[in-house]
Amino acid sequence: MTVLTQLIDELNAGRLRVVDLSHSLGPDTPVIGLPPIFGASPGVSIDVISRYCDQGPAWYWNVIHMGEHTGTHFDAPIHWISGKDLPENATDTIPPRRFVGPACVIDVTADVQRNNDYLLMPEHVAAWEATHGRIPAGAWVLLRTGWSTRTDAASFLNVHADGPHSPGFHATTSMLLAKDRDVLGVGVETVGTDAGQAGTFDPPFPNHGIMHGAGKFGLASLRNLDQLPATGAIVIAAPLKIANGSGSPLRVLAIAPA
Ligand code: 23J
Ligand code: MN
């Protein structure tokens with residue numbers, strides 16, 4: 001018996017389960033809207049090449065078209081200017097070992113219900129660690145907010161006259177996680193790893209700047225975080241091997257105790 005045969009035995013026996021942390025990807029997938037002075041990410045389009053028809057009598061396949069940062073997706077360090085010169089910073093050069101790590105799930109659902117602009121602070125991490133133990137190096141830190149239950153695009157993006165409102169990380173927390181805890185990266189249920197209002201922060205989009213400047217990753221638009229324990233699950237998040245890619249849609253899988 002090896003740990004790998006034991007893994008399969010535990011999955012077969014239902015003592016471990018695979019939890020899908022991804023949304024379905026299609027034309028209805030919401031995409032981030034940046035101020036119009038910046039380039040825009042298109043929505044998803046899927047066009048049939050053939051479907052058991054004259055163009056392909058026995059086969060069905062599609063052409064897909066979308067931005068790299070669409071739906072449930074991975075942010076590589078090269079996505080941000082702070083990570084642009086780091087080694088192994090793109091989807092095709094990150095060592096695959098770094099796609100796998102233990103999950104630390106921080107549940108702030110109640111705080112976010114009170115305040116859609118909630119930012120995770122270092123003292124919240126300290127309180128979580130007092131209960132669950134120190135976040136180990138090489139962990140995925142997943143911010144459970146309940147945001148993935150917002151299934152219509154308008155409430156998911158939550159754009160008001162003064163811009164989008166959704167939770168995220170305070171810059172000091174991003175520093176703590178990236179530098180002191182040496183995480184793989186952070187994952188969120190929202191459209192991006194920065195808070196909705198982060199374009200107005202000084203500096204703008206601090207989580208992107210700090211995480212990617214430290215060679216860390218992001219996972220956006222996760223779901224089913226309520227099916228994970230605070231500790232004890234592992235996450236596998238491997239982006240498409242796009243040459244020089246800044247990120248990609250992906251299937252994020254967790255393996256968790258049943
Ligand atoms: C570009 C600019 C700002 C942001 C983003 C992309 C993302 O959220 C992303 O998908 O990485 S905030
Ligand atoms: Mn992204």
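**Figure 1. Donor spacing at the manganese ion (ligand 2).** In this predicted model, the donor residues of the manganese ion (ligand 2) follow the sequence spacing H-x3-H-x1-D. The coordinating atoms are ND1 of H69, NE2 of H73 and OD of D75, at 2.0 to 2.2 Å. Donors are N, O and S atoms within 2.8 Å of the metal (3.2 Å for Na, K and Ca); water is not among the atoms, so sites may look incomplete. H69 and H73 are both buried (buried means under 20% relative accessible area, exposed over 50%, and partly exposed in between, with a 1.4 Å probe and protein chains only).

**Figure 2. The salt bridge between D20 and R251.** The closest N and O atoms of D20 and R251 are 2.9 Å apart (a salt bridge is a side-chain nitrogen of Lys or Arg within 4 Å of a carboxyl oxygen of Asp or Glu). The pair links distant parts of the chain, 231 residues apart: D20 belongs to strand β1 (residues 16-20), and R251 to the loop between β14 (247-249) and β15 (253-257). Helices (H or I, at least four residues) and strands (E, at least two) are DSSP runs, numbered from the N terminus. D20 counts as partly exposed because its relative accessibility is 23%, whereas R251, at 58%, counts as exposed.

**Figure 3. The salt bridge between D111 and R114 in helix α2****.** Both residues of this pair, D111 and R114, lie in helix α2 (residues 109-114), three residues apart, or about one turn of the helix. Their closest N and O atoms are separated by 3.5 Å. With a relative accessibility of 25%, D111 is classed as partly exposed; R114, with a relative accessible area of 66%, is exposed.

**Figure 4. The salt bridge between D182 and K216****.** The side chains of D182 and K216 meet with an N to O distance of 2.4 Å. D182 is in the loop between α5 (171-180) and β11 (185-188), and K216 is in the loop between α6 (206-213) and β12 (217-220), so the pair ties together parts that are 34 residues apart in sequence. K216 is buried, with a relative accessible area of 6%, while D182 is partly exposed at 38% relative accessibility. By the salt-bridge rule, the count comes to seven.

**Notes to all views.** Residues are numbered from 1 along each chain as its sequence is written, and chains are lettered from A and ligands numbered from 1 in the order in which they are written. Local features need pLDDT of at least 70, side-chain atom pairs count only at pLDDT 80 or more, and totals for chains, interfaces and linings use all residues, while side-chain values use heavy atoms, with hydrogens and water left out.
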